[in-house]
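Open the model in your viewer and keep the selection panel at hand. The stops below go from one chain to its partner.

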Amino acid sequence: MTLERARVSEWMDRASSGDREAFSSVAAAVQDELYRFALGHGLNRADAPDAVQESLLRAFRGLGGWKKGADAPAWLYGIAMNVVREFRRRRARDDALELDPDALRDRKTASASQAEDGADDLAALAGAVQRLPPRQREVVTCRFLLEMNVRDTAAAMGCEEGTVKAATFAALGNLRETLKDGQ
Amino acid sequence: MSGQDDKELQEGFRDVLDGLSRLAGRMRQERYPGLAWPARRQRRIRLLHWPVLAAAAAAAAVFLAVVLRLPHAIPKVDQVGPSPVASAPAGTQEKEITWSIPTEIDVSVAGQVSLEIPTLSIPSLGDASLEDANGFGWAIPAISFPSLEERSSNHDS
């Protein structure tokens, strides 16, 4: 996570004391992260902004339960994960764009530089990620696409760090097998 | 993840991790379109909700039937002719039933009837003997009921 965790947590402390401007600062700081989080977990561009707003709304309503001094980004990731899971259940993924294999394939022809980038391989890899079992898909997305550490990933998924590590090895193994079969 | 775990991952899945790293680079370019806060929730009215559609269609049909007064939709209450439920089916035999109601009933009382109920009085608590060795008990005096002959003779006199 590229945002300043300590500062965001401090804003959250102030927001829980009734400072609405502080919560606006939190929202401005995390909105891009949450947007990438939603896209990375397979929501399309129409649903991802709604998921971000829903996550922020739930965070705002849950300010009463916020423990001062806690880690705000980890708390927000947990909320966002629940929202994303609900969105995925509610609507079938039809257009995840960046991770959509077809969209990536189309980009290959868009420019020569992108063609050199191996967009075909990326499309295959993105498709393989989306076909992983849910827990493995969430682990790969958090750890490697959103570049979250194990602790944040475990907090977001609501599981132990050991579970994240085990799922990571299993997911990478599955991805390798899938990509080998595709070649 | 510890350094040892990272090293194992890098060595074991270098090819996959390289691809994921490039996907992560794409993800880093994503930005939220606009401002997420304050949230402006979009209200979406779900028109294709089947119970709502069915209720709306039924309401529209009733409304049209009343407003346009469609002849087949409104039953005629002043219709002349035999009612379909009034006519008996063919071959049904009808039988007339006559009732004989007695009209000479004498309801005057023939004699006087008297009713006597023997009463039983229980002595007050003051007559109870608490010091009885066998426990608490009532000291009930002997009660003699008049015989049936005595009662009838007293009644006749």
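Two residues are in contact here if their C-beta atoms, placed from the backbone, lie within 7 Å. Helices (H or I, at least four residues) and strands (E, at least two) are DSSP runs, numbered from the N terminus.

This is a predicted model: local features need pLDDT of at least 70, side-chain atom pairs count only at pLDDT 80 or more, and totals for chains, interfaces and linings use all residues. Residues are numbered from 1 along each chain as its sequence is written, and chains are lettered from A and ligands numbered from 1 in the order in which they are written.

Select chain A. Its secondary structure comes to ten helices and zero strands. Of its 183 residues, 42% count as buried (20 or more other C-beta atoms within 10 Å of the residue's own, with C-beta atoms placed from the backbone). Take the contacts in chain A between residues at least 6 apart in sequence: 63% join residues at least 24 apart.

**α2 on α4.** Select residues 20–40 and 72–90 of chain A. These helices, α2(A) and α4(A), pack at an angle of about 45 degrees, with axes 11 Å apart. Axes are lines fitted to C-alpha atoms, for helices over the stretch in contact, and angles run from 0 to 180 degrees between N-to-C directions. Now show side chains. V26(A), V30(A), L34(A), F37(A) and A38(A) in α2(A) meet A72(A), P73(A), L76(A), Y77(A), A80(A) and V84(A) in α4(A). By class, that contact has eleven nonpolar, no polar and no charged residues. Ala, Val, Leu, Ile, Met, Phe, Trp, Tyr, Cys and Pro count as nonpolar, Asp, Glu, Lys and Arg as charged, and the others, Gly among them, as polar.

**α7.** Select residues 119–130 of chain A. Buried residues in α7(A) include L122(A), L125(A) and V129(A).

**The side facing chain B.** Show both chains. 29 residues of chain A are in contact with 21 residues of chain B. Which helix of chain A gives the most to this side? α2(A) does, with nine residues. The side of chain A that touches chain B divides into 18 nonpolar, four polar and seven charged residues.

Select α8(A) and residues 14–28 of chain B, which form α2(B). Their axes come within 9 Å and cross at roughly 75 degrees. V140(A), F144(A) and L145(A) in α8(A) meet L17(B), L20(B), L23(B), A24(B) and M27(B) in α2(B). This contact has eight nonpolar, no polar and no charged residues.

Key. Buried ≥ 20, exposed ≤ 12 C-beta atoms within 10 Å, placed from the backbone.
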